[in-house]
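The following questions and answers concern the structure shown here. Each answer leads to the value or name requested.

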Amino acid sequence: MVRLSAFAVCLVELLVHASSYCTAFDDAGCSGQSVVRDSSIWKAAPDKYDQPGGPEGLTTMTQLNNIIMGHAATQIILAGSQLGLFEFLHENGPQTKGTIEEALGLKRSDGSTRPIEVLLLGSTSIGLTVLDKREKTYRNCEIIDRLFTTGGWRSIADLIDLEAIIKYKGEFHFVESLRKDTNVGLQEWPGAADNLYSRLPQTPGAQKIFYDLMNSFTAFSIPCLSNTSKVAATSFKLLDVGGGAAVAAIHLAKKFQQLSITLWDQHETIEIPMNHITKAGLKGRISLLAGSFITDPFPEAGSHDAVLLSHQAVIWSKSVLLMIFKLLVRMCHIRLDYNGCTLFQTVCV
Ligand SMILES: C[S@@+](CC[C@H](N)C(=O)[O-])C[C@H]1O[C@@H](n2cnc3c(N)ncnc32)[C@H](O)[C@@H]1O
């Protein structure tokens, strides 16, 4: 869980900074969840060091309270997203409580207006919606409306789902995780595997939430790599370690016609890239290797001339990363392809 939190921090940073790195946002290659039409939205985000409280720390009880009540805020934004509150207000402009209640399906036969009142009180008190007291209407806050207009909302909705549904469950065990230096929150997920990826398939819908977000994220980041990577442009046989849904592999195969790619991912998840690769008509150029890069042997030395680690560095502990890098060095002579765009994406030959 701690590692997934680090991953989310990186994701938000990438979403915020992506526009300064990438030149082609809609150059995603395949199943990214959304196409951002106006990337300036990310530039408008405040710098991460520019938060209320700043380097001096928090100064007011309200700021402190916002942290203590953070769990409620997460669930309020999830409710607004999943019940369609933000989408409805974006499409219809300011609306009264009664109209919103009807549109969101929260109208009750016993006449209770409590559900819609709780939702609107929550969303308005944390600034997601704004109440016009004179007209008695609610509208979206500015940033949410701009996300809809610029095409960025889908990615944010995917992020909300991952945080509020998947990661939320394990957070309860955070203190114990720190005490024991292990992922105690895993016990929230059925299964015997020692990692969340392998347990997600056993909970209906959970794996889709993870990959929807992952695909949105990778659809943002992979054009950065492909636009600047000399390694990707000059290699022939690339090993995509933990290649996920094949968003990166499909993008690279389409862009670099000389590339053949082996996508290596766990047995439990290998069906996901298989479907995407088939749909993209790239079965002849992207092959699949089912197994674990932690417990299974690495491909033979010389079998590949490049390795892609996309969004792996952010999820593993130093010791696991060191082990992976040692095995990669044995497989091929490492030359890191590293710049602003490839912060989380290293390629070696
Ligand atoms: C954060 S995702 C990154 C997916 C993909 N590289 C991307 O950038 O979209 C991590 C991926 O690593 C895979 N993975 C995790 N542990 C693995 C292991 N031991 N062996 C193979 N794949 C693994 C997961 O199944 C998941 O698809």
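Q: How much space lies in the second largest pocket?
A: This is a predicted model, and the pocket was found in its protein atoms alone. The space in the second largest pocket is about 1,000 Å³.

Q: Which residues lie nearest the centre of the second largest pocket?
A: The lining of this pocket is made up of 46 residues. By class, 20 are nonpolar, 20 are polar and six are charged. Nearest the centre lie N195, L196, Y197, I315 and W316.

Q: Which element supplies the largest share of the lining of the second largest pocket?
A: Several elements each give at least two lining residues, including α1 (2-21), α10 (174-180), α14 (247-255) and β5 (260-265). The largest share is five residues, and its source is α12.

Q: How many residues of strand β7 are buried?
A: Buried means under 20% relative accessible area. In a regular strand, side chains alternate between the two faces of the sheet. On one side of β7, A306, L308 and S310 are buried, and on the other V307 and L309 are buried. For the strand, residues 306-310, the count of buried residues is five of five.

Q: Which residue stands opposite A306 in β7?
A: Strand β4 (residues 237-241) runs parallel to β7, and three bridges join the two. The residue opposite A306 is L238.

Q: What percentage of the residues of the chain count as buried?
A: The chain holds 16 helices and eight strands. Its accessible surface comes to about 17,800 Å². Of its 349 residues, the share that counts as buried is 47%.

Key
Residues numbered from 1 in each chain as written. Predicted model: local features only at pLDDT ≥ 70, side-chain atom pairs only at ≥ 80, totals over all residues. Heavy atoms only, no water. Buried < 20%, exposed > 50% of the residue type's maximum accessible area, 1.4 Å probe, protein only. Helix = DSSP H or I, 4+ residues; strand = E, 2+ residues; numbered from the N terminus. Pairing = 2+ DSSP bridges. Areas by Shrake-Rupley, 256 points an atom, 1.4 Å probe, with all protein chains shown as cover. 1 Å grid on protein atoms, 1.4 Å probe; cavity = no way out; pocket = protein on both sides within 12 Å on 5 of 7 lines; lining within 4 Å. Points joined across faces, edges and corners; volume = space filled by probe spheres on them. Nonpolar A, V, L, I, M, F, W, Y, C, P; charged D, E, K, R; others polar.
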